[in-house]
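Here is a briefing for a reader who is new to this structure. Look over the sequence and the model first, then read the points below.

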Amino acid sequence: MTSVIPLLLEKNESLVVQIKKLRAWYKDLKVLYDISLSIKPGETVSIIGPSGCGKSTLLNTIAGTLKGAHIEGEIEVNAERIGYVFQEDTLLPWRTVTSNILLPYEILDLKPDVKRIQNLIEVAGLKGFENYYPSQLSGGMRQRVELIRDVIINPDLLLLDEPLGALDAYTRIKMQIFLYRLMEELKDTTIILVTHDVEEALVLSERIVILSNRPTRIIREIGIERCEDPVGVRTTKGFRDKKKEVLEILYSGGR
Ligand SMILES: Nc1ncnc2c1ncn2[C@@H]1O[C@H](COP(=O)(O)OP(=O)(O)O)[C@@H](O)[C@H]1O
Ligand SMILES: [Mg+2]
């Protein structure tokens, strides 16, 4: 997918996303208010903020799929292929696991990379389920198929909008481990992860952008050391301290 770029700045190819003083509103509802954000190639950035603050609006602005909103400001996106994972399940129910994963190849008229597909199916713990239909899979399995489908063609930019939103705690951590492995596979892909889960952001990203309530500003950006162990790290003091710091900033609302 090629993004629609609402307002083009002078080109800055060293950044995948460059946003300056972005404002977005729906009729008289002010949502985003002076958001400035730069994201470098290969970076993984999490966005955390209260429900309704405009996280999906921000992702849609970046993807060029925003509808019904007015925007002002400057946004530049340097990505040819954008993968966009929504919270809702978008698998095609009449297609099997493999056939759903093959869809992007069909759309782009590309030859499927069978080895890569097999490898990701294995990493996702879906071996043996290749010929199952979505209705025969658990919620976590469906989400893994969906993630594979959205990364299989190597997007330059991957947008994840609360991809693990609806899962129970156990499945959620299992999925975070899967996402962690998937991200290792996608070293060159720039990833923006919207989540309401601070631990998820700490485990999966290199930077957390914390948003305020509407009208929404960036309260703080926090850099994170690369995590080596997506499960064990949660019990370390450094991790718990970071979690406390993020939660305090988030619930202060920027005041
Ligand atoms: N198409 C729309 N028309 C009017 N209001 C909208 C529309 N989409 C979102 N909103 C409103 O804008 C605010 C931000 O929405 P959204 O970006 O979905 O927030 P988040 O993803 O952070 O929960 C919410 O109050 C929501 O109700
Ligand atoms: Mg949302």
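How many residues does helix α7 have, and what does it reach from its first C-alpha to its last? Helix α7 (residues 237–252) has 16 residues and reaches 22 Å, close to the 22 Å expected at 1.5 Å a residue. The expected span is 1.5 Å times one less than the number of residues. Helices (H or I, at least four residues) and strands (E, at least two) are DSSP runs, numbered from the N terminus.

This is a predicted model: local features need pLDDT of at least 70, side-chain atom pairs count only at pLDDT 80 or more, and totals for chains, interfaces and linings use all residues. Residues are numbered from 1 along each chain as its sequence is written, while chains are lettered from A and ligands numbered from 1 in the order in which they are written.

**Helix α7**
- Lys242, Val246 and Leu250 are buried in α7 (20 or more other C-beta atoms within 10 Å of a residue's own; exposed means 12 or fewer, partly exposed in between; C-beta atoms are placed from the backbone).
- These three cover an arc of only 70 degrees around the axis, which puts them on the same side of α7; the arc is that of the directions from the helix axis to the C-beta atoms.
- An α-helix has 3.6 residues a turn, so residues three or four places apart point the same way.
- The face turned away from the buried side carries exposed residues, including Lys237, Asp241 and Lys244.
- Among the elements covering the buried residues of α7 are β3 (44–48) and α6 (198–204).

**Strand β3**
- Five of the five residues of β3 are buried.
- Thr44, Ser46 and Ile48 lie on one side, Val45 and Ile47 on the other.
- In a regular strand the side chains alternate between the two faces of the sheet.
- β3 pairs in the parallel sense with strand β7 (residues 190–194) over four bridges; two strands pair if DSSP finds at least two bridges between them.
- β3 and β8 also pair in the parallel sense over four bridges.
- Serine 46 has leucine 193 as its bridge partner in β7 and isoleucine 208 in β8.

- Helix α4 (residues 139–151) has 13 residues and reaches 19 Å, close to the 18 Å expected.
- Ten of those 13 residues are buried, so α4 is largely enclosed by the rest of the structure.
- The largest nonpolar core has 58 residues; such a core is a set of buried Ala, Val, Leu, Ile, Met, Phe, Trp, Tyr and Cys residues joined through C-beta atoms within 7 Å.
- Ile47, Ile148, Leu159, Leu160 and Ile192 have the most contacts inside this core.

**An open sheet**
- Three strands form an open sheet in the order β2-β1-β4, with antiparallel pairing.
- β2 (29–39) and β4 (70–77) stand at the edges, each with a single partner strand, so one side of each is left without a neighbour in the sheet.
- Seven bridges join β1 (residues 17–26) to β4.
- Glutamine 18 stands opposite glutamate 76 in β4.

**Backbone exceptions**
- Most residues other than glycine have a negative phi, and most peptide bonds are trans.
- A cis peptide bond joins arginine 214 and proline 215, with omega about -15 degrees.
- Proline 215 is in the loop between β8 and β9.
- Lysine 27 has a positive phi, near 45 degrees, and sits in the loop between β1 and β2.
- Aspartate 109 has a positive phi near 55 degrees and is in the loop between α2 and α3.

Definitions and conventions: Contact = placed C-beta atoms within 7 Å.
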